[in-house]
Each structure stands twice: as C-alpha cells, then as structure tokens.
There are 2 protein chains.
Amino acid sequence: MLSLTEENYLKAIYHLSDGGTKAVLTNELAESLDTKAASVTDMIKKLSVKNVISYEKYYGVKITKQGKAQALMIIRKHRLWETFLVKQLNFSWDEVHEVAEQLEHIQSPLLIEKLDEFLGYPSVDPHGEPIPDKNGKIKIQASVMLCDLAPGYKGSIVAVKDSDSHLLKYLDKIGATPGKKIKLLGKEEYDDSLEIELENTKVSISKIVSQKILVTA
Amino acid sequence: MLSLTEENYLKAIYHLSDGGTKAVLTNELAESLDTKAASVTDMIKKLSVKNVISYEKYYGVKITKQGKAQALMIIRKHRLWETFLVKQLNFSWDEVHEVAEQLEHIQSPLLIEKLDEFLGYPSVDPHGEPIPDKNGKIKIQASVMLCDLAPGYKGSIVAVKDSDSHLLKYLDKIGATPGKKIKLLGKEEYDDSLEIELENTKVSISKIVSQKILVTA
DNA sequence: AATATTTTTTAGACTAGTCTAAACTTTTAT
DNA sequence: ATAAAAGTTTAGACTAGTCTAAAAAATATT
C-alpha cells in the first residue's frame, strides 16, 4: 500500500515518463511536484524498496510494471471522478482538477467499480483523456498536436492536454472542447499562431494554445 | 484549517460529548480513536490552540461554538456521501461507513453544495441520522430507544445508532430499517430481550440490539 | 584534459503524529 | 485521613515527509 504522498510521486513519474517509456530525472520530478530535489531523492529510495520504480543513482528513475499498474489505477480514479463531477454534478471542466486530485486517493475498489458502472463505463474523461479500465487497459485514440498540422487540415478535437483552469475556461469560450469539428485555415509564420474554424466561427490561437490541443490524425 | 487527523479528533469529541453537551475525558477519546492517552493529550493541546475545543487539565475537553460548527460540517459531508453511496451507487447500508470516513475529509465546499443539490437536499442519511444543512442546522426528529418502551408500543423506526456492518446486515435481514412500522409485543424480564413485529412478522431481538434502534416517540 | 557548471545525493535538522515509561493528579477505598 | 488505584500528563524517542547546506558525481566548456 502506498501513502498519499507516494501515490502522488508515482503518478508524477508515470506522466513525466510518458507512461513508462522514458526515465525521469530528479529535478524534473522536484519541479513537477513543487518540492526540493533532496526530498525527491529520499522518496525515490522508498519507492524503489516498494518495487514500483527502479532507480540508478544519478541516472534517473524508471517505473516498473507493478508501478505502472498502480499509477494507472490512480489515473483511472482521477478521470472517473472528473467525469462524475462534470456529468452528474454539473461542474464545469475547468473546476474539476483540484477536487479530483483529492478524490483519486480514496481507497475502495468497490467504490470505483460502482462509480464506473454508474457512469456507464466511460472511455474518456471531460478533457478527452482516456480512462483506463479496471485492468489498466487504455483505449488509445490516434491523435496529433494541432500545432504540427498544415493549413487545410479538417478533423475534430480529441483531447486537451492541460488542466489549467484559465486555459480550459478560454477553450470553452471559443468552443474548443473534445468532440468538436475543427478546420485549420492558416498559420502565421512570424509567431506560429493559427487561424482555425470551430462551428463556422473563425478564431486565432497562439502557438502555446495550439500545443495543448490534440486532434484526430 | 484542520488536518485530517485533527478532523477525526474533533468529530470524535463532538460525538462523545453528545453534540457538545458534556465534557469528554482523555481515556474515552483514546478508546474511541483507538490510540493512546498520551497521544490524545498532545492533540488536545493543538486543538485548544486552534480554538475548536477548550481544555482544562485533568478535567476533560469541551467543544467550542467554532469547533461544533466545524464538526457539523464534517458530519454533513459524511452523511451526504453515505446517502450518495446508497441511493446512487447502490451500496448496501452496511458497506458505506468506511468509505464515507474517507470521503468526509475531501475539501471542497462547492463539491458538497453540488452533491447536496444532486441528492435533492436529503434531511436524513441511510441510517436515519439527520444531515446538517449548509449552516449546520439539524432537523431533530423526536425519538426514543426501543429498549426504553413498554409492550403495546406502536410506531416506526427513526434511526439506527451504530455503523457496525454486522449489526446493519442483521437489521436489514429482519427488516428493521428506518421508516419501517414496528410494534413492541413483549419483553422477557430475564434478559430484557424484546418480541417485536415488523411488517407482520414477529422477531425476538436482544437487549443490546434494542438499544441501537431509535423509534418515533 | 583540466576546470567550471549543473545535477544529484548525503547529512543533519524540523514538524506532525504516534508511542512507552515515568511522574503527577484525582478519585476511591479503607 | 491516608493509602491504593485509576486516570492524565510529561518526557523522550520514533517514523514519514520535508527542508537547507554541503559534498559528490556527471556534464559542459575551454
């Protein structure tokens, strides 16, 4: 059993390693968890002993198979709760992150089973992110970052890769939410801002925003 | 802001003091929280500094107005979550306590507001216990312990004063749940066991069980 | 290849919460 | 009224998690 703090470290490692595909450095982790490198080193040792990560001094951390399974369960809980908050309790999608960060640590397999059933076994959360099933399996929807496409592209929004509430409020305002049809009309070479069309309305978005939007490939 | 542990102490103090009407002793608290008296003394000092209890050495602890308000909010959350678990997620009433003990510590006033609304502003939880409203007000339903009544009594079950899952399973089996009509047919002088009628079925219950059942006055 | 810079780890200290053992109050029993 | 028993508090130690400052290792620079 992991403590709340250990769960947060493990989740951060999972995300920073892109789902376990690459090693994570001490400083990255410290930055992401808003803590000091020394604290990270300490925690890394504990998590190694618990076999959820493997660790070589000075070379960073890799998540183990077991650790990945545990991280996926935490992510499953987070995304199911976000879905509940938005779909059932009428939270707006920019309000759910902090609450879900707390709810994801509730320990009750039965609760999550029943919540999943109650929600109708959703496959994505309100931000378009996939929800791991009870075995930790994720249905991957092929997608690309909007910033990597050329004018002329037509498709729809798959997900938004950020939980910052200001960004989400803004995207909601311009109508850029998962599932929406989107066209890429033009790109401004000077600052890489994009001219896009959403529901027959043209908007210009900055490069930084276009990097957060995933669209169908 | 109270820590999770502080919240648990405060809630225990509230309950052991019968809602703030009497002082609570160190050992009672230690017993109820399954901890040692020395730990209780330490925590009592912290809670005094935070002005949620007042404390006189060797004479026990009293909850302050402010502390009572905070305890009621925790109880409100606990009972709303229990209601959610039973009514929406189809938990049985003997399964909800442990999960609600965790959920009651989630910090989000908005969440509780929305949950309350979602549930239709319930006034009692699945065990018949009243749910404090957002101002901490409780609607008290007059009730008496079944064990204090004389044969001939007719009324209905108001609440069950225990969260032990074995007791609740048993009560569920014999049909003794909040709202049910109940008649007291007889009392066995030797062991104070009671002969009762529930939905046209006669059952005999022990004294200890009859002390847990509250019925209409 | 040697030095400077950056990153990581260690060492030691601090807080929250817990414990045991000993000391101190209060209550009960003679 | 005093001794014994019961209950409470203090003192000191321990774990989890955090921090600062210093040491050690890796990387970058010249």
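Start at DNA strand D. Of the 20 residues around DNA strand D, the nearest are Ser3(A), Ala38(A), Leu25(B), Asn27(B) and Ala38(B) (near: C-beta atom, placed from the backbone, within 6 Å). This is a predicted model: local features need pLDDT of at least 70, side-chain atom pairs count only at pLDDT 80 or more, and totals for chains, interfaces and linings use all residues. Residues are numbered from 1 along each chain as its sequence is written, while chains are lettered from A and ligands numbered from 1 in the order in which they are written.

Now colour the helices. Helix 3 of chain A (37–49) gives the largest share of the surface near DNA strand D, five residues. Helix 1 (4–16) of chain A, plus helix 2 (26–33) and helix 3 (37–49) of chain B, each supply at least two residues. Helices are DSSP runs (H or I, at least four residues), strands likewise (E, at least two), numbered from the N terminus.

Finish in chain B. Six strands form an open antiparallel sheet, in the order 3-8-4-5-6-7 (paired strands have at least two DSSP bridges). Strand 3 (143–145) and strand 7 (201–205) are the edges. Five bridges join strand 5 (181–187) to strand 6 (194–198). Select Gly186(B): opposite stands Glu195(B) in strand 6.
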